[in-house]
There are 2 protein chains.
Amino acid sequence: MSTTPSLSSDHQASLIDGKAFATALREQIREDVRSFHGTHGVTPGLAVILVGNDPASEVYVRNKAIQTHHAGMRSFMHMLPETTTEEELLALIERLNKDPEIHGILVQLPLPNGLDARRVTNAIRPEKDVDGLGEINAGRLAIGLPGLVPCTPLGCLLLLKDQLGDMRGQHAVVIGSSNLVGKPLALLLLAEGCTVSVAHIHTRDTAALARQADILVVATGCSGLVRKDWIKPGATVIDVGITRVTLPNGKTRLVGDVVFDEAVQVAGRITPVPGGVGPMTIACLLKNTLTAAKLLVTGKAE
Amino acid sequence: MSTTPSLSSDHQASLIDGKAFATALREQIREDVRSFHGTHGVTPGLAVILVGNDPASEVYVRNKAIQTHHAGMRSFMHMLPETTTEEELLALIERLNKDPEIHGILVQLPLPNGLDARRVTNAIRPEKDVDGLGEINAGRLAIGLPGLVPCTPLGCLLLLKDQLGDMRGQHAVVIGSSNLVGKPLALLLLAEGCTVSVAHIHTRDTAALARQADILVVATGCSGLVRKDWIKPGATVIDVGITRVTLPNGKTRLVGDVVFDEAVQVAGRITPVPGGVGPMTIACLLKNTLTAAKLLVTGKAE
C-alpha cells in the first residue's frame, strides 16, 4: 500500500456518543412500549436467568433488570444457585417458553461448569431468544432473514447506520471472529451491502487489512491492539473492546482495543471507551424484547 | 498495491482435478456405505423431490438419483406435478421426516411460483437436511458447530484442504455472497482459520481485493469476470461459476467466472470448468447422505 494522505496535524475525529444514542433509544423504546400497551393491552416482559454467584454477572443482570423496568416493561429475575442441574434449568426455560407474560428470555453467560451453554441457549424458544444466540436466529441472520440479532453487534450496526446511512460498497474490516460479536456483525454488514473482511488471531498482517477499512470494528479483548498506523485517514472506528487496566498510580481505568489518543488523530469518527458501544448492548436487549413481544402478539415485528 | 513479481513466461498453474477427486470420493463413500451396512444393517436412503417440469432440474435430479444408486444407497425419486400445493409438499416432507428408511431429503430448487422455498426447506428435519439449506444447519455453520453443510461449498472446501492442508492465516477472498455458495463457504473458511473477505455486486474495487487473495473463490455466475490481473501470482483459484456460452461458430461451451486461459498463467493452482467444482457437488450430496445416516443411526457423524 502506498502512503495515504495524512490529515492536518490538528485533526480530531468526531466522537460517536453511544451513551447519548442509547439514552435516546431507550426513551424511544419506552414510548413504543406505552403505545404497544395502549393498542394491544400487553406489556412486554423479559426474564433474565442467572445461575451461580459470579460477581460481574450479578452486576450485568441487575443492570439489565433495572433498565428493563425503566423502559416500562416487566422484568423477572431468576437467580439460581450454583448447584442448579441442567434438567432444572431446562425445566425453567420450558416454563418461561410457555408463559404468555414472558416475551424475552435471557440466560446470563458464562454458566457454571457442568451446564451445557449451547444446549441451554438452544432450549429458548427462538421467538423469545432476545440474545439472538440460538441456532435458529444465527441461521436466520446468516441467510439474511429477519430474526433476533445478538445485542452488541446490533448496537454497533445502529451506531454505524446513524453515522453513515447507506453503507453499500464500503469496506468493513472486523477484527475478531467470535459468535457473540465478530461473526454476527460481519453478517449484518454484509446484509447492508458492505464488502466485509474478517481478521482474527491467525491473520498474518492485520494492520495492512485494517488500513483498507472504511469501517473498522475491533472486538478482540486485546487492549491497545489497534495503533494509529492501522487506521485509514477518515475511517469510522467502532471499538467493542473493554478492559480494566491498572495505571502506575494504582488506580484503574477502562480502555478499549484501540489506542484512543492515537486513533482520534486519524479516524473520521470513533467510539470512545467507555461511553461508546457499551451502553448500546442493554438498549438493544430492550429493543429485542419489544421486537419479540410485537412478533409474539401481532405476528410481525413492526 | 505495488506490482507483484511476475512468474516466468512459461508458467502454468497446476490443475485441480475435481472430476478425479469426486470419483475417488464417491468410491470411498461406496465402501463406507458397504461397511456401514455391515455394522448396522442399514442402507442410507436419499429422497429427492422435484416439483414441476423444469428441464434442467429434471437432469440434475436424475443425475443425483443415479449417483446415489451407484454409491450403494437407496434412491427415492418423488416427481410431483406443477399443480402441487404447498400443503401437499409439506405433507410429503413430513412423511419422509418420519420414515426410518430415509436419511436424507432434498427438494430440488427453484420451486414453481406459489410454493415458499424457505418454508419448504425449513420443514425438512435438520438431521435429514442434506442440502444444508435449513435455518438450523445454517445457524450451526455460522456458530461453528457440526452439521450438514451445503454441497457446493463443502466440495470447494474438500478440494482446498486436499490441495493446501492447513489453511490457517491464508487470506481467502470469496467473490459472491449467496446463501448457496458464497456465505457458507466464507464461514467454512473462517472456521479453517483463514482471514476471509467477501466481495459482491456492491464492492468498489473487487480486483484490488482479489489480488490480495492466497485463495480466490469466484461464485458469481458472471462468465469471464476474473482476468489475469485480478490474481496474485501463485494463488489457488476455485471457479464455481458455470455458464453455457455460444461461440462464433454456433457451438456452445461451458465456461467459468474466471478467464481460464489467462488465469492459468498466473495462478498456482486452478479448477477448470467443466471438471473442477461441478463434479464435487453431487459427490458431497452423497457424503452428506452418509453423514446423515450415521448421525440418525449411531448419534454421531463418524
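Author: A contact here means heavy atoms within 4.5 Å. Keep that cut-off in mind. The model is predicted.

Take chain A as a whole to begin with. Among its contacts between residues at least 6 apart in sequence, 69% join residues at least 24 apart. Its secondary structure comes to 10 helices and 11 strands. A compact globule of 302 residues would have a radius of gyration near 19 Å; chain A has 20 Å, so the two agree. Along the principal axes, the C-alpha atoms of chain A fill a box of roughly 60 × 45 × 35 Å.

Now the surface. Of the 302 residues of chain A, 52% count as buried. The accessible surface of the chain is about 13,400 Å². Carbon and sulfur atoms account for 52% of that area. Charges come next. Chain A has 29 positive and 30 negative ones, and their mean positions lie 3 Å apart.

Where does A:Gln170 sit in chain A? Its place is the loop between helix 6 (151-164) and strand 5 (171-175). Is A:Gln170 buried or exposed? Buried means under 20% relative accessible area. A:Gln170 has 15%, so it counts as buried.

What is A:Gln170 in contact with, leaving aside its neighbours within four places in sequence? In chain A, the partners are A:Leu164, A:Cys194, A:Thr195, A:Asp214 and A:Ile215. From chain B comes B:Arg204. A:Leu164 is also where helix 6 (151-164) ends. For a sense of distance, take A:Leu25. A:Leu25 and A:Gln170 are 145 residues apart along the chain, and 25 Å separates their C-alpha atoms.

UniProt, in an unreviewed entry, places the feature "domain: Tetrahydrofolate dehydrogenase/cyclohydrolase catalytic" at residues 16-131 of chain A. Over residues 16-131 the chain is 51% helix and 16% strand. The end C-alpha atoms of that stretch are 24 Å apart.

In chain A, the bond from A:Leu109 to A:Pro110 is cis, with omega near 0 degrees. A:Pro110 is found in the loop between strand 4 (104-107) and helix 4 (117-123). In chain B, a cis peptide bond joins B:Leu109 and B:Pro110, with omega about -5 degrees. B:Pro110 is found in the loop between strand 4 (104-107) and helix 4 (117-123) of chain B.

Conventions: Residues numbered from 1 in each chain as written. Chains lettered and ligands numbered in written order. Predicted model: local features only at pLDDT ≥ 70, side-chain atom pairs only at ≥ 80, totals over all residues. Heavy atoms only, no water. UniProt positions renumbered as here; feature names shortened; annotations may be inferred. Helix = DSSP H or I, 4+ residues; strand = E, 2+ residues; numbered from the N terminus. Rg over C-alpha atoms; globule rule 2.2 N^0.38 Å. Buried < 20%, exposed > 50% of the residue type's maximum accessible area, 1.4 Å probe, protein only. Areas by Shrake-Rupley, 256 points an atom, 1.4 Å probe, with all protein chains shown as cover. Lys, Arg positive; Asp, Glu negative; His and termini not counted. Charge placed at Lys NZ, Arg CZ, Asp CG, Glu CD.
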